[in-house]
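User: Hi! Could you walk me through this structure? I'd like to go through it piece by piece.

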Amino acid sequence: MTYQIGGVAAGELAAAYGTPLLVLDYDALDAAIARFVRACEPLGIEVAYAGKALLLVGLAKHLKHTKLALDVCSLGELLTAERAGFPADRITMHGCGKSADELDAVCLHRVGRIVVDNLDELQQLAAMNAQVPVQTLLRLNTAIEAHTHEFVLTSGQGSKFGFDTDTLPRALDVLRGAKHLQFAGLHSHIGSQIYEENAFAANAQALMERAAFCAAQGFTTAAIVAGGGFGIAMDPRESTQAIDIGAVAKRIAQTVQSEAQRLNLPAPAIGIEPGRALIGACGTSLYTVKSAKLQFGMPYAIIDGGVFENPRPALYDAYHHTVSASREGSDLVETVVCGRTCENDRLVNAMLPRDLRAGDLLAMQATGAYTFSMASNYNRFERPAVAAVRAGAHSLIARRERTEDLLRNDVDA
């Protein structure tokens, strides 16, 4: 059977848009959103999509018709959301080194609230004028160190993010003196690709303990955001599967409720911010084999993508299950799939047809998150196109860059 994505043949997509190509299955995305909403809505947990995973105008237009809120962490992501008409009151400004323009956007009420990462940022915001009170959450480093790659660990001593226990009191002092900043709650994100339910519960407990400290200083924590990073299945051959979001949501809600009672605090509203857990498995990258050869007896496939359009394997040793998308074959052999950049950019070892040849298509799965959003122009390659499929139909939502795009910012000597 011909390899299909959302009911559309891979060959048809490659012929229409070329390769490398990121394909988003909107039906799969809608199903993922529905799973989160079913798990979280009865518990009163707000779900916000983390735009850093992937954000395009077409995707934001699709998301604005769902029940999701949206996190952005740059002016570029905010402009993307605005171009899509995403409601400002459902947008949160994130990030750990916000620019003056991004803080201006917050004060102009182009977003509903801000998550402040550090004291310098908070002091800068306090010195600015705002048209309306700025809903302000403080990002905390709760020191919960979940089991994940060190490059995607966002809590603990090895993390740059958030206020630690020493700087939190100083942050509250700044808030106390800034009448236009309204303390809205606390936030903590502990990392990505986490499969440990207990880690999320421990983070929620730590947030509630910090809420008790804030209460003693005269600040009521109306909301806590317990982050994202919910692990998804990347390798169908491994026993590790996607984390049970229903079970995790219940643990977070139960922890917040029980801690509120124990600490004699009003129970805050709860939020989470999945990115990869919503979009990751919805994406498939299609590639054309440029060369199939043996290197010291080992099969190699050099494709037309590489570290420039998917840096994750090089950054985190990330795995993406890869299969032949041109033809089926029972005689499969382990093959090293590499990109075409001037790096030893091994992307994955995959079981592919022994007679693999130039022109064949490969499909790399679960590439919806942190591939296109992290793509670069290394070697001055063009970033790929992005297409969406839904109910057997397909459309382009990001054009492939052209060679003239690569030169548009160059200044002639």
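Analyst: Happy to! One term before we start: contact means heavy atoms within 4.5 Å. Also keep in mind that this is a predicted model.

User: Good. With that in hand, which residues does I397 touch?

Analyst: Leaving out residues up to four places away in sequence, I397 touches L24, Y26, L56, V386, A387 and A388.

User: And where is I397 found?

Analyst: I397 is in strand 19, which covers residues 393-398. The C-alpha atoms of I397 and V23 are separated by 9.6 Å, although the two residues are 374 apart along the chain.

User: Let's move to the barrel. How many strands does it have, and in what order do they run?

Analyst: The closed barrel has eight strands, in the order 4-5-6-7-8-9-10-11, and the pairing is parallel. From one strand to the next, the twist averages 30 degrees.

User: Which helices pack on that sheet?

Analyst: Helix 8 (residues 197-216) is one of them, touching strand 9 (181-187) and strand 10 (223-225). The direction of helix 8 makes about 150 degrees with that of strand 9. Helix 9 (residues 245-262) packs there too, touching strand 4 (45-50), strand 10 and strand 11 (269-272). The direction of helix 9 makes about 145 degrees with that of strand 11.

User: Can you zoom in on strand 5? Which way do its residues point?

Analyst: Strand 5 spans residues 69-72; A69 and D71 point one way, while L70 and V72 point the other way. All four are buried. In a regular strand, side chains alternate between the two faces of the sheet.

User: How many bridges pair strand 4 with strand 5?

Analyst: Three bridges, in the parallel sense.

User: How many bridges between strand 6 and strand 7, then?

Analyst: Two bridges join strand 6 (residues 91-93) to strand 7 (residues 113-116), again running parallel. T92 stands opposite R113 of strand 7.

User: Switching topic: how many disulfides are there?

Analyst: Zero, from a search of the whole structure. For C40, the nearest cysteine sulfur is that of C282, 16 Å away. For C73, the nearest is that of C96, at 8.8 Å. A disulfide needs the two sulfur atoms within 2.5 Å.

User: Last one, H321. Where is it found, and why does it count as buried?

Analyst: H321 is in the loop between helix 11 (312-316) and strand 14 (322-324). H321 counts as buried because its relative accessibility is 16%, and the cut-off for buried is under 20%.

User: What does the side chain of H321 make a polar contact with?

Analyst: With the side chain of Y319, at 2.8 Å. Leaving aside neighbours within four places in sequence, H321 is also in contact with M234, D235, P236, R237, A363, M364 and Q365.

How values were computed. Residues are numbered from 1 along each chain as its sequence is written. This is a predicted model: local features need pLDDT of at least 70, side-chain atom pairs count only at pLDDT 80 or more; totals for chains, interfaces and linings use all residues. Side-chain values use heavy atoms; hydrogens and water are left out. Two strands pair if DSSP finds at least two bridges between them. Axes are lines fitted to C-alpha atoms, for helices over the stretch in contact, and angles run from 0 to 180 degrees between N-to-C directions. Buried means under 20% relative accessible area, exposed over 50%, partly exposed in between (1.4 Å probe, protein chains only). A polar contact is a pair of N or O atoms within 3.5 Å; within protein, one must be able to donate a hydrogen and the other to accept it, and residues adjacent in sequence count only if both atoms are side-chain atoms.
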